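Subject: Structure for your review

Dear colleague,

Please find below the structure that I am handing over to you. My notes on what was found in it follow directly after.

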Amino acid sequence: MTLESRLRDKTARVGILGLGYVGLPLALEFCRKGFTVRGFDISARRVASLKKGRSYVEDVASRELARAIGSGRLRVFQRFESLACCDALILCVQTPLRKTKEPDLGNVVAAAEQVSRRLKRGALVVLESTAPPGATEEVVRPILERGGRRLGRDFYLAFSPERVDPGNKLYGIANTPKIVGGVDAASTELARQLYAAIVERVVPVSSARAAEMAKLLENSFRAVNIALANEIAQICHKLGLNVWEVIAAAATKPFGFMPFYPGPGIGGHCIPKDPQLLIWKMKELDYEPRFLQLASVINGGMPEHVVERVAELLDKDKKPFQASRLLVLGAAYKADTSDYRESPALDVIKLLVERGASVSYHDRFVPEIRVAERRLRSQPLTRKALAGADCVLILTAHNGIDYVDVARRARRVFDARNATRGIARRGLTRL
Ligand code: SAJ
């Protein structure tokens, strides 16, 4: 039977490498649509947890996971032997940035090498991990061609960007359009058929590079617009204007405008990283993407800007940082998540500690952080903690906090997220 017929009658065996916030929901979606899935992860802890039907991904319910495992629909492995029977293999491994802001494709190479050692003839390989333009063709393809294999005969290869938005209750895998771009036309078509089995709308593009670039545009769009909002915030501060009022007014325009908001900087695993992949690639091609670079500088400068604004407030109280006790509300990179990767709140805390302030934080989602070689634990948000702080900084606007009470009990509040919108109190200052 051909891969096409296996995809059509859902007998194609799907293998997913990397069972994180992208791979695990994807595995469950294929199970939901009737496929048998083999999931692979190098983490013994993750594999053990999955085998017990315990989900570690917020968008995957343990109950559904347990059913998929119990029925044999989903089988999970730490070892890669059973890759050999898979007809379609999807790589969902992390592609972090190195300290030098260069992409680290080590996980992609390692996964591709495991696949290459056991690639079933005629199988389709899809890279979902966000990667610089050309990575699918220049990094993954040569690894799969080892041993004289040929694209289009022995295997097919495509890129399809993940669009998983953790915690998004409106958009999940099935109702988020899925871009697919093959290294050749046959690969595009097979990838289209693979995803057409699980998503409502598949968007084929002309190449893997076009698909890689579309993903980077999506997130660079956010990064540069957030940088614009951050620059407008600094301009409004100089002009004595309320940037939140200005943005809200501009957002009443029913066309041609999309609001973005200032903050203490940008965090998470996508937005800070994706533009850097483009900047890095363009360096190779001797082109300088100045706009992307400038946006990165503006966003990266926001923690410092927040610290300068807090310094202005403490100066009014004749309180140097060294004699100040500061309470930070929110360590996560955005509201109502426990993810604090690349969180700008940690950058702000680090700068405050370096300036000699005594800093504590409260974040019910994030019990502990490490900043400037110190371990800080989330403190209970008590009246005493609020009253005892020389300034309370709101860096992540988690829901479930009584910001009216915060503004009432704290001597000073610096709100970098407009969490106190609509509240008027002496001592309350916003970005
Ligand atoms: N941020 C601002 N101002 C804004 C929007 C975001 O300062 O107006 C900050 C956030 O606080 C956070 C960072 O930027 O620190 C990134 O926030 P984000 O809203 O872009 O959320 P992410 O990082 O979870 O981005 C993901 C992306 N999803 C994928 O890549 C699959 C992005 O494409 C989505 O558009 C975004 O979620 C979303 O819309 O939730």
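**Salt bridges**

With a relative accessibility of 24%, E113 counts as partly exposed, because buried stands for under 20% relative accessible area, exposed for over 50%, and partly exposed for what lies in between (1.4 Å probe, protein chains only). Please note that this is a predicted model, in which local features need pLDDT of at least 70 and side-chain atom pairs count only at pLDDT 80 or more, while totals for chains, interfaces and linings use all residues. Residues are numbered from 1 along each chain as its sequence is written, and side-chain values use heavy atoms, with hydrogens and water left out.

E113 forms a salt bridge with R146, and the closest N and O atoms are 3.4 Å apart. A salt bridge is a side-chain nitrogen of Lys or Arg within 4 Å of a carboxyl oxygen of Asp or Glu. This pair links distant parts of the chain, with E113 in helix α5 and R146 in the loop between α6 (135-144) and β6 (155-159), 33 residues apart. Helices (H or I, at least four residues) and strands (E, at least two) are DSSP runs, numbered from the N terminus. R146 is partly exposed, at a relative accessible area of 44%.

A further salt bridge joins the side chains of E138 and R209 (2.4 Å, N to O). E138 lies in helix α6 and R209 in helix α8, so the pair ties together parts that are 71 residues apart in sequence. Both partners are partly exposed: E138 has a relative accessible area of 40%, and R209 has one of 37%.

D165 and K334 also form a salt bridge, with 3.8 Å between the closest N and O atoms. Here D165 is in the loop between β6 and β7 and K334 in the loop between β9 (325-329) and α13 (344-354), so that distant parts of the chain, 169 residues apart, are linked. D165 is partly exposed at 32% relative accessibility, and K334 is partly exposed with a relative accessible area of 34%. Salt bridges that share partners also join E29, R32, K33 and E64 into one network. A search of the whole structure finds 32 salt bridges.

**Surroundings of the ligand**

There are 18 residues around the ligand, of which K215, N219, R222, Y261 and Y333 come nearest; a residue is near a molecule or strand if one of its heavy atoms lies within 4 Å of it. A polar side-chain atom of N219 lies 2.6 Å from an oxygen atom of the ligand. For Y261, a backbone N or O atom is 2.7 Å from a nitrogen atom of the ligand. In the side chain of R417, an N or O atom is 3.0 Å from an oxygen atom of the ligand. On its own the ligand has 740 Å² of accessible area, and the protein covers 85% of it. Accessible areas come from the Shrake-Rupley method with a 1.4 Å probe; for residues, only the protein chains shown count as cover.

**Aromatic pairs**

Rings of Phe, Tyr and Trp (its six-membered ring) pair if their centres lie within 6.5 Å; planes under 30 degrees apart count as stacked, over 60 as edge-to-face and the rest as tilted. By this rule there are six aromatic pairs. One of them, F30 with Y195, is tilted, at 6.5 Å centre to centre and 50° between the planes. F30 lies in helix α2 (residues 23-32) and Y195 in helix α7 (residues 185-196), so the pair ties together parts that are 165 residues apart in sequence. F30 is buried at 0% relative accessibility, and Y195 is likewise buried at 0%.

The rings of F221 and F260 form an edge-to-face pair, because their centres are 5.6 Å apart and their planes stand at 75°. F221 lies in helix α8 (residues 208-239) and F260 in the loop between α9 and α10 (274-284), so this pair ties together parts that are 39 residues apart in sequence. F221 counts as partly exposed at 36% relative accessibility, whereas F260 counts as buried at 9%. Ring pairs also link F30, F35 and Y195 into a cluster.

Yours sincerely

Definitions and conventions:
A polar contact is a pair of N or O atoms within 3.5 Å; within protein, one must be able to donate a hydrogen and the other to accept it, and residues adjacent in sequence count only if both atoms are side-chain atoms.
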